Amino acid sequence: MGLLQSTEVLKLILGIGKDMIGQLLLYDALKLDFKKMNIPKEKTCQLCGVNPRIRAWLDAGKVPVIEKIGFEERKDNKDQVSAHWLSVALRNRRNIMLIDVREPHEWEICRLKGAEHHPVNRIKTDDFTKDLEKIIVFYCHRGVRSERTLKIFQDLGYENCRSLAGGIDAWAEAIEPDMPRY
Amino acid sequence: MSQEILLNDLFQGLSAEEVKRYSRHLSLSEVGSEGQQRLKKSKVLIVGAGGLGCPVGLYLAAAGIGQLGIIDSDVVEISNLQRQIGHSEKNLGLLKTESLAETITSINRLLRVELISDKLQHNNAPQIFQKYDVIVDCSDNFPTRYLVNDAAFFANKPLVSASVYKFQGHLSVFWPKSKGGCYRCLYPVNLPESMAPT
């Protein structure tokens, strides 16, 4: 990756070739697979969007709220489920509602079958049922965003929801080895 | 001496040694003498002197970038040596900035290095970034990545960002004032205010 990075630096300075501005390259060493995709400017971006919250340097440099969730808080939450639990549950029950809270570019790479897509910064809690017969399972890439979403839903009184521990990455590792990882 | 002057005329601004050293670049029409001098005039900032920062520093130094800035506050540990190829056994315990600078100047003593053996922070980032032409994010944690993204945005500098997790690597160039999104477009992970826990 360092070599690719240096090459892009040289290309930028020399003004040669096809630049990678606004693109994302994904490299999977085990599969020797390269994938490239565009990163569009998001209207809702807090920095470069239409109505940014970070307008001056004073507001800059902060990690978005979600990454601040403590390790202990995550570890202690009993409503985390494993990839194995989820695969068994999906096979045997019909009352699981799978919610993917990742960003659109991640959804494009891979997703769980039957999932609905609600990126975490646009998710509307009103869209979901509080029906206890339904189990809402949130998942993201590695389990941080879904855990945070779970916590917020729980605080709002949604009692029957879960978060996939380790996210879709853990799922790919344990259940679906052919799934593209990033 | 006269030969050197002659070469200087041909490759304006490059010394006889540089002409020899960069001959494989000079013979490429995409680089040439003009491109090599452009590299020589460029300043590149490397944030992090670890698994990514080491190869980036080595390659850019070899290629003839004029000035490299290296930021890192860690020291070299034995567990780093398996992948951080700019450090060596004899530099265990040394600051990573100094260790990497030693290696890269042993490849190319013609380049200038600026070592910043501090953590990149809100209060030092703007001043540091403003001096460089291109920023390379080789860091290993989220707070630094958001900070680097924001500082590059406000300084309007292209940001070449990479990361590695197990067997997966990511590479992006962010320059939202030119085109495309930024690191926060990729990873907003912000919850709408309506959902913020009270």
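Helices (H or I, at least four residues) and strands (E, at least two) are DSSP runs, numbered from the N terminus. With that in hand, hello everyone, and let's start with chain A, which has six helices and seven strands. Before going further: this is a predicted model, in which local features need pLDDT of at least 70, side-chain atom pairs count only at pLDDT 80 or more, and totals for chains, interfaces and linings use all residues. Residues are numbered from 1 along each chain as its sequence is written, while chains are lettered from A and ligands numbered from 1 in the order in which they are written.

Along the sequence, chain A reads α-β-β-α-β-α-β-α-β-β-α-β-α. Its C-alpha atoms fill a box of roughly 60 × 45 × 30 Å along the principal axes. I'll call a residue buried if 20 or more other C-beta atoms lie within 10 Å of its own, exposed if 12 or fewer, and partly exposed in between, with C-beta atoms placed from the backbone. By that count, buried residues are 35% of the 182 residues in chain A. Chain B has nine helices and six strands, and 45% of its 198 residues are buried.

Now the sheets. Two strands pair if DSSP finds at least two bridges between them. As a reminder, strands of a sheet pair through backbone hydrogen bonds, either parallel or antiparallel.

One sheet belongs to chain A: five strands form an open sheet in the order β3-β7-β6-β4-β5, with parallel pairing. At its edges are β3 (80–81) and β5 (116–117) of chain A, each pairing on one side only. Inside this sheet, strand β4 (residues 96–100) of chain A is joined to strand β6 (residues 135–139) of chain A by five bridges. Which residue in β6(A) is the bridge partner of A:Met97? That is A:Ile136.

Helix α5 (residues 144–155) of chain A lies across β3, β6 and β7 (161–164) of chain A, and runs at about 170° to β7(A). Angles here run from 0 to 180 degrees between N-to-C directions, and axes are lines fitted to C-alpha atoms, for helices over the stretch in contact. Contact, in turn, means that the C-beta atoms of two residues, placed from the backbone, lie within 7 Å. Next, look at helix α6 (residues 167–174) of chain A, whose buried residues are A:Gly167, A:Ile168, A:Asp169 and A:Trp171. Their cover includes α3 (83–92), β6, α5 and β7 of chain A.

Eight strands form an open sheet in the order β2(A)-β1(A)-β6(B)-β5(B)-β4(B)-β1(B)-β2(B)-β3(B), and the pairing is mixed. Its edge strands are β2 (33–38) of chain A and β3 (112–116) of chain B. Neighbouring strands are turned by 15° against each other on average, direction ignored. Where do the chains join? Strand β1 (residues 23–28) of chain A runs antiparallel to β6(B), with six bridges between them; there, A:Leu24 has B:Ser172 as its bridge partner. β1(A) also pairs with β2(A), in the antiparallel sense over six bridges, and A:Asp28 stands opposite A:Asp33.

Helix α1 (residues 2–14) of chain A touches β1 (43–47), β4, β5 and β6 of chain B, its direction making about 170° with that of β4(B). Helix α6 (residues 96–107) of chain B touches β2 (67–71) and β3 of chain B, with about 170° to the direction of β3(B).

On to where the chains meet: 55 residues of chain B are in contact with 55 residues of chain A. On the chain B side, α8(B) gives the most, with seven residues. That side divides into 38 nonpolar, 11 polar and six charged residues; Ala, Val, Leu, Ile, Met, Phe, Trp, Tyr, Cys and Pro count as nonpolar, Asp, Glu, Lys and Arg as charged, and the others, Gly among them, as polar.

Last, the nonpolar core, a set of buried Ala, Val, Leu, Ile, Met, Phe, Trp, Tyr and Cys residues joined through C-beta atoms within 7 Å. The largest has 84 residues, and B:Val44, B:Ile46, B:Ile135 and B:Val136 have the most contacts inside it. Helix α8 (residues 142–155) of chain B gives the most to this core, six residues. B:Val136 touches residues of both chains, among them A:Gln5, A:Val9 and B:Val160.

Key:
Lists of a residue's contacts leave out its neighbours within four places in sequence.
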